[in-house]
Amino acid sequence: MLVAGFPAGSFAANCYVVAPAAGEECVIVDPGQDAEAGIDELLREHRLKPVAVLLTHGHLDHVWSVAPVCGAKDVPAYVHPDDRDLLTDPAKGLALGPGQQLFGGLELTEPDDVRELSDGAVIELAGLRLTVDHAPGHTPGSVTFRTPAAGDVPDVIFTGDLLFAGSIGRTDLPGGSYEQIQESLSRVCLTLPDETAVLPGHGPQTTIGRERATNPFLAELAPAEGPRTGM
């Protein structure tokens, strides 16, 4: 499996392209601020053809470029319904003061084709099998995407702003909940094998095992009961 990415814009939100191999179809995960040029560079470098954009959640730093990318590539966007309104009203997910404008009056639009994600759904795109886990806490519609091991590549989970290397997503913005994010971490992340690669929405790659052992926000959590399924 091929995974390539870069931190997009001033927010440094990780944008990824994911494909079975070079020269094949791919999906794009979280096209953030000014992400178009970086995406096009990766597509050229690896000779990839995008078939969809996947959104881990609706915050502006992860969806800024979704409409232009989907429009230019003629592909759909996938988002959880609880965050869909943020595609056209990004200020709703931020703590703006009275009368404060979003980046000088920035306005976003939905892509022409938006498809809604559900918890536990398994979607097959670009030769990839992706399991969706609803993981609220950072936003009401946060999700993760899991792919099974392929060859010498371990299981991979794209965590968005649920889990980072050494930290977790903030819960102080509108729609956030510390209790919910703890439940999501316990149910979605801590039930996965230690070797699972974690590709977060910000910062470096890590593994479930490393975070289980060293992340202070996971120290008091236990895996949710019951085996993980759907990979």
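Author: On a 1 Å grid over the protein atoms alone, a cavity is a set of points where a 1.4 Å probe fits but cannot get out, while a pocket is an open set with protein on both sides within 12 Å along at least five of seven lines; lining residues have an atom within 4 Å of a point. This is a predicted model, where local features need pLDDT of at least 70 and side-chain atom pairs count only at pLDDT 80 or more, but totals for chains, interfaces and linings use all residues. Residues are numbered from 1 along each chain as its sequence is written, and side-chain values use heavy atoms, with hydrogens and water left out.

Reader: Which residues lie nearest the centre of the largest pocket?

Author: The lining of the largest pocket has 14 residues. Nearest the pocket's centre are His59, Asp61, Leu94, Arg170 and Leu173.

Reader: Which strand gives the most to the lining of the largest cavity?

Author: Strands here are DSSP runs (E, at least two residues), numbered from the N terminus. Strand 2 (13-19), strand 10 and strand 13 each give two or more residues to the largest cavity's lining. With three residues, the top contributor is strand 10.

Reader: How many bridges join strand 10 to strand 13?

Author: Two strands pair if DSSP finds at least two bridges between them. Strand 10 (residues 156-160) and strand 13 (residues 197-200) run parallel. Gly160 stands opposite Pro200 in strand 13, and both residues also line the largest cavity. The number of bridges joining the two strands is four.
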